[in-house]
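Please read each one with the structure open beside it.

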Amino acid sequence: MTEEPDTPLTIALAEYEHLREASRAIDDQTTARFTFFLTVATAATAVSAGMVTTGTPAGAIRPTLLAGLGALVLMLGSAVFARQVELNARGRRYAVAATVLRTYLARRAPDLAPYLMMPTLDDPGPFAPEPFRRHWARDLVGQAGTIGLINSVVVAVAAGAGLAAVAPGWLAAAGAVAALAGTVAAHLVVVRRRVAQSARLVGEVLARRTALIPADDAVHESFARE
């Protein structure tokens, strides 16, 4: 006599595999975009440095070319930054969904739970999830933050060059520093607001599904509460 198929387990495993593939696709996309942007930014920097040090081409063509390269890097950087922020938010949602499914599997087989290294909603495990609320420096050194930092440098150089043409050197330097600080802060605000929005959405979803959340909610705290 054949055994009845375990339909809930089959569906859960299929969904978990889908999430795993989706997370891998997100990682591939973010890495590819980040590498592409760094390649373009590095090439533009090398070309700009070559024009500055060799003095070619001469005349008004050189500053025009430099401005064009800077505008290209900034335009591309802004587009890639926005896409990276969105992909990172999607990746966090996939991570939470995978954690919920691991919780289901662990509750089906309590004897297996101690062997699960990744977190569940009942047990953070040895590799607890990265909290949504974190220090700003962690956002700055991420892929989106690094792109934002490069964008900020381009803006600062442009501001300094523009001021240098009409103002003393110290004022141009001060303006460049102010532009750098302001642009870095603006990029960080975008990243942190998107993270906070993801946290609120996750919190709302888990709050509506009260059966998922244990009384001692250490893992849910790190995932979703601000």
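1. The model is a predicted one, and the unreviewed UniProt entry annotates residues 34-52, 64-82, 140-164 and 170-191 as "transmembrane region". That assignment comes from the record, where annotations may be inferred rather than shown by experiment.

2. Two of these annotated spans can be set against the computed secondary structure. Residues 34-52 are 100% helix and 0% strand, with their end C-alpha atoms 27 Å apart; for residues 64-82 the chain is likewise 100% helix and 0% strand, and the end C-alpha atoms again lie 27 Å apart.

3. The structure holds one cavity of 30 Å³ or more, and the space in the largest cavity comes to about 40 Å³. Its lining is made up of Phe81, Leu140, Ala144, Gly145, Gly148, Leu149, Ser152, Val184, His187, Leu188 and Val191, and the elements that contribute two or more residues to that lining are helix H4 (143-164) and helix H5 (169-208).

4. Which element gives the largest share of the lining of the largest cavity? That is H4, with five residues. Sorted by class, the lining has seven nonpolar and four polar residues, and no charged residues.

5. Val189 also deserves a look, and its place is in helix H5. The C-alpha atom of Val189 is separated by 9.8 Å from that of Asp139, although the two residues are 50 residues apart along the chain.

Note on methods: Residues numbered from 1 in each chain as written. Predicted model: local features only at pLDDT ≥ 70, side-chain atom pairs only at ≥ 80, totals over all residues. Heavy atoms only, no water. Helix = DSSP H or I, 4+ residues; strand = E, 2+ residues; numbered from the N terminus. 1 Å grid on protein atoms, 1.4 Å probe; cavity = no way out; pocket = protein on both sides within 12 Å on 5 of 7 lines; lining within 4 Å. Points joined across faces, edges and corners; volume = space filled by probe spheres on them. Nonpolar A, V, L, I, M, F, W, Y, C, P; charged D, E, K, R; others polar.
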